[in-house]
Amino acid sequence: MTLFPDVVGDMLCESILGRGQERGFIRIECHQIRDFTKNKQRQVDDYPYGGGRGCVMLAQPLYDCWKFICDEAGKQVHTIFLSPCGKVFRQDDARRLQSEFDRLILVCGRYEGVDERFIEECVDEEISIGDYVLTGGEIPAMVLADAVCRLVPGVLPDEECFTDESHWNGLLEYPQYTRPEVWRDRAVPGVLLSGHHENIANWRREQSLERTGLRRPDMGQ
């Protein structure tokens, strides 16, 4: 649910997610909130009660858009509002959302926020992608959609594509190298050229532990 469906749709139809949609593993639909307004101006916002700068998104067009999606699905769909007031999104949340729900509604706010009554009526959880404020919820929604959709079976060619990455098991990923063996006097670590799979696995594990301890000690808390 967004005021900018073309921007969001273009991004989510490229590369891996685009191929996932073409092959029928996932489906991403963008709904224009303005299509559910009641006046000629297609008004989606108004001044806040109590005063203050900016405008607030109206509850009614948000609700009508949300209800349209739920009616199409034949059930109430788990609804997420992307908000700086929400819980910070992590890999465990992506895994939870992918495994527990076959459909999600992502609500992208704008302006100074949305009428709290819509959140109370329709939203199941609020999620933030970090402790900062953006101009709208579209970028966070794309982040969440990307993180969740790539975990859907078939979107990536093999589970190892994501189980071997940063954050899956509480560690950062080990360093990666490709050809040539020497670049600007920097050589690929010899163990990676050895062909000894157990030694390579041990080296990668040690590198992940070291990198996590140096760069993200908070992940061990």
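Helix α4 spans residues 91-100, and its buried residues are D93, A94 and L97. Viewed along the axis of α4, these buried residues fall within an arc of 100 degrees, so they line one face of the helix. The other side of α4 carries the exposed residues D92, S99 and E100. Among the elements that cover the buried residues of α4 are β3 (79-88), β5 (125-128) and α6 (138-149). The structure described here is a predicted model.

**Aromatic rings**

Two aromatic pairs turn up in a search of the whole structure. One is formed by F36 and F68; the two rings are tilted, with 5.5 Å centre to centre and 50 degrees between the planes. This pair links distant parts of the chain, 32 residues apart: F36 sits in the loop between α2 (15-22) and β1 (45-46), and F68 in helix α3 (residues 59-73). F36 is buried, at 18% relative accessible area, whereas F68 is partly exposed, at 36%.

Y63 and W66 also form a tilted aromatic pair, with 5.7 Å centre to centre and 35 degrees between the planes. Both residues belong to helix α3 and are three residues apart, about one turn of the helix. An α-helix has 3.6 residues a turn, so residues three or four places apart point the same way. Within this pair, Y63 is partly exposed, with a relative accessible area of 27%, and W66 is buried, at 7%.

The two pairs are set out below.

| Aromatic pair | Centre to centre | Angle between planes |
|---|---|---|
| F36 and F68 | 5.5 Å | 50 degrees |
| Y63 and W66 | 5.7 Å | 35 degrees |

A further ring, that of W183, has a charged neighbour: R184 lies over its face, at 5.8 Å from the ring centre.

**Cysteines**

How many disulfides does the model contain? The count comes to zero. A disulfide requires two cysteine sulfur atoms within 2.5 Å. For C65, the closest cysteine sulfur is that of C70, 9.7 Å away, which is too far for a bond. C122 is in no disulfide either; the nearest cysteine sulfur to C122 is that of C70, at 7.5 Å.

Are C65 and C122 buried or exposed? C65 is buried, at 0% relative accessibility. C122 is likewise buried, at 1% relative accessibility.

Conventions: Residues are numbered from 1 along each chain as its sequence is written. This is a predicted model: local features need pLDDT of at least 70, side-chain atom pairs count only at pLDDT 80 or more; totals for chains, interfaces and linings use all residues. Side-chain values use heavy atoms; hydrogens and water are left out. Buried means under 20% relative accessible area, exposed over 50%, partly exposed in between (1.4 Å probe, protein chains only). Helices (H or I, at least four residues) and strands (E, at least two) are DSSP runs, numbered from the N terminus. The arc is that of the directions from the helix axis to the C-beta atoms. Contact means heavy atoms within 4.5 Å. Rings of Phe, Tyr and Trp (its six-membered ring) pair if their centres lie within 6.5 Å; planes under 30 degrees apart count as stacked, over 60 as edge-to-face and the rest as tilted. A charge sits over a ring if NZ of Lys or CZ of Arg is within 6 Å of the ring centre and within 35 degrees of the ring normal.
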